[in-house]
Amino acid sequence: MAFTASPSTISPTFLSSSSSSSHPLFSASPSIVPLSKTLIPKFSTLRHSFSPLSFSSPSSRRSFVVRAGELPLVGNAAPDFAAEAVFDQEFINVKLSDYKGKKYVILFFYPLDFTFVCPTEITAFSDRYAEFEKLNTEVLGVSVDSVFSHLAWVQTERKSGGLGDLSYPLISDVTKSISKAYNVLIPDQGIALRGLFIIDKEGVIQHSTINNLGIGRSVDETLRTLQALQYVQDNPDEVCPAGWKPGEKSMKPNPKLSKEYFAAI
């Protein structure tokens with residue numbers, strides 16, 4: 001089943017190439033799939049799709065649904081795409097919908113290769129890739145640079161401002177269509193803001209943050225948010241309070257049962 005995306009998405013084609021990587025990233029006929037306004041199921045079906053604004057609990061079967069449009073993207077299907085990327089110093093094809101039903105995805109955008117804040121974020125995610133891998137999650141980085149620029153940056157040592165080898169693919173969005181689909185493109189500059197999206201296994205965007213160009217992101221907070229999302233999806237009658245971390249007390253989304261949490265803190 002393909003992802004759905006925004007009606008404004010265009011459909012470019014990208015070069016295809018082979019790779020010896022074990023990542024499930026390959027597609028012979030890449031394209032970007034137009035986005036529909038399909039809404040996700042209610043909170044009671046959370047194991048399959050998760051709407052943070054629909055609640056259902058054993059003591060109250062009413063649901064409160066906020067119907068999101070194109071904005072925000074959270075709560076809607078992630079715009080699908082297929083594009084060239086660099087991984088393990090080879091050119092490969094990445095198709096987002098290949099992960100549907102298999103893995104969570106951390107999809108993050110950064111402005112440009114060979115810049116300043118960007119390599120600190122990209123290498124930080126790579127250095128902690130094993131932690132995301134344990135949570136059945138793939139990491140994908142995206143910028144408007146070409147795969148040739150990505151490759152040159154990967155082949156540059158970190159002490160010289162490069163990336164060195166990375167544990168995940170860097171995607172080329174030279175057409176800027178992916179950045180447009182995720183609403184992070186700065187039109188008059190032709191580069192993307194620091195957008196980050198957590199996409200669940202059903203292809204639904206469950207979290208997004210967008211930083212301006214000079215503000216780097218936190219791998220710790222991304223990991224914590226992913227853990228909270230997975231906990232709530234595995235425990236559909238519970239929600240995670242502010243700053244929740246694995247092992248801490250969760251909350252029942254119910255006027256009476258929530259008092260158990262407040263009484264304990």
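Leaving aside neighbours within four places in sequence, which residues is threonine 225 in contact with? Select threonine 225, then Ile198 and His207: these are its contacts, where contact means heavy atoms within 4.5 Å.

Before going on, note that this is a predicted model, in which local features need pLDDT of at least 70 and side-chain atom pairs count only at pLDDT 80 or more, while totals for chains, interfaces and linings use all residues. Residues are numbered from 1 along each chain as its sequence is written, and side-chain values use heavy atoms, with hydrogens and water left out.

**Stop 1: helix 5**

Threonine 225 lies in helix 5, so select residues 219-234 next. Helices (DSSP runs of H or I, at least four residues) and strands (runs of E, at least two) are numbered from the N terminus. Helix 5 has 16 residues and spans 23 Å from first C-alpha to last, close to the expected 22 Å; the expected span is 1.5 Å times one less than the number of residues.

Threonine 225 is buried, at 14% relative accessible area. Buried means under 20%, exposed over 50%, and partly exposed in between, using a 1.4 Å probe and protein chains only. Other buried residues of helix 5 include Val219, Leu223, Leu226 and Val232. Show what the buried residues pack against: among the elements are helix 1 (117-127), strand 4 (137-143) and strand 9 (205-211).

Now go to the start of helix 5, where a side-chain oxygen of serine 218 comes within 3.3 Å of the backbone nitrogen of aspartate 220.

**Stop 2: aromatic rings**

Select Phe, Tyr and Trp. Rings (for Trp, the six-membered one) pair if their centres lie within 6.5 Å; planes under 30 degrees apart are stacked, over 60 edge-to-face, and the rest tilted. The whole structure has 11 aromatic pairs. One of them joins phenylalanine 91 and phenylalanine 148, edge-to-face, with 5.3 Å between centres and 90° between planes. Phenylalanine 91 is in strand 2 (residues 90-95) and phenylalanine 148 in helix 3 (residues 147-154), so this pair ties together parts 57 residues apart in sequence. Phenylalanine 91 is partly exposed, at 22%, whereas phenylalanine 148 is exposed, at 56%.

Then select Phe108, Tyr110, Phe114, Phe125, Phe132, Trp153 and Tyr168, which ring pairs link into a cluster.

**Stop 3: cysteines**

How many disulfides are there? The count is 0, taking a disulfide as a pair of cysteine sulfur atoms within 2.5 Å. Select cysteine 118, which is buried with a relative accessible area of 1%. Cysteine 240 is partly exposed, at 23%.

Methods
A polar contact is a pair of N or O atoms within 3.5 Å; within protein, one must be able to donate a hydrogen and the other to accept it, and residues adjacent in sequence count only if both atoms are side-chain atoms.
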